[in-house]
2 protein chains.
Amino acid sequence: MFTIKRSIAPLTSSIFKRNMITAQAVLYTEHGEPSDVLFTQKFSIDDDNLKSDQVVVKTLASPVNPSDINQIQGVYPSKPEKTLEFGTEKPAAPCGNEGVFQVLKVGNGVSDLAVGDWVIPSEVNFGTWRTHALGTSSDFIKLPNPEQSKANGKKQGLSINQAATISVNPLTAYLMLTHYVKLIPGKDWFIQNGGNSAVGKYASQVGKLLNFNSISVIRDRPNLDEVKKELQELGATQVITEEDNASKEFGGQIKSWVKETGGEVKLALNCVGGKSSSGIARKLNANGLMLTYGGMSKQPVTIPTSLYIFKNFTSAGFWVTELLKKNHDLKLKTLNQVVEWYENGELKDAPSTHIEFDGNDLAKLYQQGVDDSKKGKQLITYSSR
Amino acid sequence: MFTIKRSIAPLTSSIFKRNMITAQAVLYTEHGEPSDVLFTQKFSIDDDNLKSDQVVVKTLASPVNPSDINQIQGVYPSKPEKTLEFGTEKPAAPCGNEGVFQVLKVGNGVSDLAVGDWVIPSEVNFGTWRTHALGTSSDFIKLPNPEQSKANGKKQGLSINQAATISVNPLTAYLMLTHYVKLIPGKDWFIQNGGNSAVGKYASQVGKLLNFNSISVIRDRPNLDEVKKELQELGATQVITEEDNASKEFGGQIKSWVKETGGEVKLALNCVGGKSSSGIARKLNANGLMLTYGGMSKQPVTIPTSLYIFKNFTSAGFWVTELLKKNHDLKLKTLNQVVEWYENGELKDAPSTHIEFDGNDLAKLYQQGVDDSKKGKQLITYSSR
């Protein structure tokens, strides 16, 4: 028998003990396409012999994010460490970065978490594609569970989907709008491309909640008017097409909108790149900032030299993982704000397709999520346990 | 007779007075190609009736800068105001932004300037393509003239060329290297394209004076080794070609240079754009900054999305005019440093071709400078007066 870190025992040892939790996690030992490299590892958690700071949780739900897939492929700069703690012969890395768990049991020194609490991982790379986890209390951040929200007199509790997908997209939208440029409520504007993306919709909503004016750029489409209406109902002040964004003449229209509020276009959010990024950059007033957080067009960010020199334009990047790694307090503060909006029914989450865990092979289940992820966000749920 | 601002009288009135200075300035009333719109305006300066804060200067030299030409064409965002003070029938704007003058006479309230002092304009758009000027003492910044440098025990005085071209290129190089990123002397690096340009050569020299390591990117050319040697003698730590800059393999060579000094590549200076700009941006360590101050390739600044998101790269602009407009103290401090280096013989100025004023039509003389400006910097000198 080898020494087991963090009280996790490989399944082979569990037959000699009672009351252990039999858990599963999705792992990989080498990078590659998920269908080639993912496997299910069963392991045991000895929940009868917890150290004082330890916490056992069961998974309620975890999504399949594009960055999770890129991580498995080895093309994402943030990577989980490979470990032997799941009882594999070769070091293996766990998959998944977002997810919500429920506390099953706590060590006798844990005072900030209790059985039944909902928690999310404090950090990325924790591994959320699994049925259970054993950690210490500092591995988790507590969210209110629906009973707690109700007891606190809130309008509603968080849904499983809201809790499982709170760490990336809503925080990205909120932090891009608040952490860099001080927009004056009621006056100033931001402009974003990818207005119909998940982050784009959060940004429109957060913008409205903070009383910032916004212009969302979307691609032309057969049901353009319908999508425009939906985004405006969410909170976008104006919705324009990429053709409008590319047109020099349209600049005058934007100027007149901005003039009406007496503000400036101070911030651009770019998740597209290429011509779309130069289009939104051109709409900024002098001294504007563009934050790039994605590159859906696969084209580089292309900016006319004159914007830099004569309009003092600045182009920077945004990566929620890196920003919050250095700033735990900011993460807590931001989460609290998003939770409050969810509890007040003021913020709509991005919908996801739920795939329910049926007790069978976990890697196959997440592989289905990977395969279907082009159709929309896939959320693996464990609600029937 | 109309009221004359700042004691400048149109020449028509000077025949009734004695001792007035007969001056010439190059003006334009409408934007266009210099050969189409420039004209010489003669005017008088009544130096016998100065107000207490007034100063009369004669021009020693003024260069033809690309931005001067763009200003006349109407394609430069900083523009002189059109005025009637030169005695034109229609409002006209003066040309030229850099230049050195010598003080001829001061009003009785002027204590910071004396006859014989060398001065440069405090601000841009003063109009330096002229034989004389009347201003107030706050219109000028004093530089030491050669006699003053000698009296102060300096190794040498400023040359006419150094004084006439001190405001743009040397300040641009110094401020880009010092005002944004704190490079650790002896350890850190900057990388620049256009390494053989005037600003590029100043940056290599200033870098060496401040003990910053540097990589200068230049285009391949028949006498590559000769130019490399020249730039290294000026102060560039390494000189590479655009082909090296574009090659992914070459990144390893740069990493090994940087490893030797124990520092990072923290700053990139871009005056080219296009692929050259993405090449130098890629060489930066995480959290690096690129300052764009020119766009010689006429291509936009093109940066891969991943640099922004995963390397926290920031791309900003630099325009000496705008930066120093808001910060007079910074301008004085920077000028003092550059003057000190010139007086110590530690900084080489960019050479220029001198065109001597012969007393004939001034606009024609500057037009010759405009025509010849593609061959190198042209400096109009007035030394024989």
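**Two chains and their interface**

Tutor: Chain A and chain B bury about 1,900 Å² between them, and carbon and sulfur atoms carry 64% of that area. Buried area is the accessible area (1.4 Å probe) that two parts lose on being put together, summed over both. This is a predicted model: local features need pLDDT of at least 70, side-chain atom pairs count only at pLDDT 80 or more, and totals for chains, interfaces and linings use all residues. Residues are numbered from 1 along each chain as its sequence is written, chains are lettered from A and ligands numbered from 1 in the order in which they are written, and side-chain values use heavy atoms, with hydrogens and water left out.

Student: How many residues are in contact across the two chains?

Tutor: Contact means heavy atoms within 4.5 Å. By that test, 24 residues of chain A touch 24 residues of chain B.

Student: What makes the radius of gyration of chain A agree with a compact globule?

Tutor: The radius is taken over C-alpha atoms, and the globule rule is 2.2 Å times the number of residues to the power 0.38. For 385 residues, the rule gives a value near 21 Å; chain A has 23 Å, so the two agree.

Student: Why is helix 10 of chain B called mostly covered?

Tutor: Buried means under 20% relative accessible area, exposed over 50%, partly exposed in between (1.4 Å probe, protein chains only). Seven of the nine residues in helix 10 (residues 274-282) are buried. Among them are B:G274, B:I280 and B:A281. In chain A, 56% of the 385 residues count as buried.

Student: How many helices and strands does chain A have?

Tutor: Helices (H or I, at least four residues) and strands (E, at least two) are DSSP runs, numbered from the N terminus. Chain A has 15 helices and 18 strands.
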